[in-house]
Amino acid sequence: MGNRLNEDQKAFYRQNGYLHVPGVFDRRTVQVLGDELDWIFETWADHDAAWRRPWRETYMTEEERREANLLAINDMHLHSDLWNRATADPRLVDRVADLIGPHVELHHTTLHAKPPETGSPFPLHQDNAFFAHAQPLYVDALVHIDDAPEDAGCIRFIPGIHLDGPLVHLRGDGAPHLPVDRYRLADTVAVPARAGDIVFSCLWTIHGSDLNRTNAWRRVVRFGYRDPANPQIDGFALNQYGCIVRGRRPKIPALAGMVR
Ligand SMILES: O=C(O)CCC(=O)C(=O)O
C-alpha cells in the first residue's frame, strides 16, 4: 500500500473520528526533525503555554497545578526549511488525502511539548472551537517526535462523537474547552504512540490529554490540513491561504476574500 491507507483504516476513521498509523516516519527522519526542534525551541518557543482556568482542579492535584507547564510553538514551518518540507512529505500527505482528498491545503503547524513530570494536560475539546470550518473535511495529524505512552499524557479521544458535529464550548479568559462534568477523561480512549507514529483526527472529534507523569519529554507536532474547498468560519488563520501540499485549489465563490 506504500503511503496509502487501506479500506479498514479509512472505515475506522469514518466511524471513530481518529486513526493511529504506526511507523509513518522512520527513526532517521524523526531524529532529524527532533534535532531541528532544539533550535526552534531556543529561538521561538512560548515557555508558558499551559491552558489555565478552573478545569485544572479536575485534572490535577494542587501540587501538580503549581508545577504544570507546556511549551508551544506555532507554525514552525515558517521558521525552518526542514519542517516546511515535512508538511508536504508524501508519507504524511498521501494518507491525509485518503481521508479528505484529493486536494490538501496546510492550515497550520503547532508543537506541544510536555516537559518531564510537569507537562500540562489538555481538557477535552474539539479543535473546531479554535478554527471552525463549515465541513468536517479537516484532519489534524499528530506527528510523534517522542514516545507517548499513556503515563506521558498521550492523546485521548471520545470515539464517534464527531458525527454529532460542532459543540458549544466554554469560553472566557482562556482556551475554549468542554464542561468537565459532562465530558470526562475517564470516558476517553487512550492512544499511546511511539516516535514516528501519526495519529489522525477530525476537527470535530473530542480529544484531550492528561499530565506527563514520566521523566521524559513528550513532543507532539500537530499539522492541520483541510480540503481547500472547505470554508473556514472562525478562529485562527481565518481568511488566510495556506500552501497547497497536494492537488490544486478550486476557485469557488465560498472562498472569495481570502488573502495570502
Ligand atoms: O498534545 C496534546 O496532548 C493534546 C493536543 C490537543 O489537544 C490539540 O492538539 O488540540
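Start with the sheet. Four strands make up an open sheet, ordered E4-E11-E6-E9, with antiparallel pairing. Keep in mind that this is a predicted model.

Now the edges. Strand E4, residues 122-125, and strand E9, residues 189-190, each have a single partner strand, so one side of each has no neighbour in the sheet. In general, strands of a sheet pair through backbone hydrogen bonds.

Take the E9 end. Which residue stands opposite Val189 in E9? Phe157 does.

On to the ligand. Around the ligand we have His112, Lys114, Phe122, His125, Asp127, Ile155, His207, Ser209, Arg218 and Arg222. By class, that shell splits into 2 nonpolar, 4 polar and 4 charged residues.

His207 places a polar side-chain atom 2.9 Å from a ligand oxygen atom. For Arg218, an N or O atom of the side chain is 2.7 Å from an oxygen atom of the ligand. Arg222 has a polar side-chain atom 2.7 Å from a ligand oxygen atom.

How much of the ligand does the protein cover? On its own, the ligand has 290 Å² of accessible area, and the protein covers 98% of that. The space the ligand takes is the largest cavity.

Which elements give two or more residues to the shell? They are strand E3, residues 104-114; E4; strand E11, residues 206-209; and strand E12, residues 218-226.

Technical notes. Residues are numbered from 1 along each chain as its sequence is written. This is a predicted model: local features need pLDDT of at least 70, side-chain atom pairs count only at pLDDT 80 or more; totals for chains, interfaces and linings use all residues. Side-chain values use heavy atoms; hydrogens and water are left out. Two strands pair if DSSP finds at least two bridges between them. A residue is near a molecule or strand if one of its heavy atoms lies within 4 Å of it. A polar contact is a pair of N or O atoms within 3.5 Å; within protein, one must be able to donate a hydrogen and the other to accept it, and residues adjacent in sequence count only if both atoms are side-chain atoms. Accessible areas come from the Shrake-Rupley method with a 1.4 Å probe; for residues, only the protein chains shown count as cover. On a 1 Å grid over the protein atoms alone, a cavity is a set of points where a 1.4 Å probe fits but cannot get out, and a pocket is an open set with protein on both sides within 12 Å along at least five of seven lines; lining residues have an atom within 4 Å of a point. A molecule sits in a cavity or pocket if more than half of its atoms lie within 2 Å of its grid points. Ala, Val, Leu, Ile, Met, Phe, Trp, Tyr, Cys and Pro count as nonpolar, Asp, Glu, Lys and Arg as charged, and the others, Gly among them, as polar.
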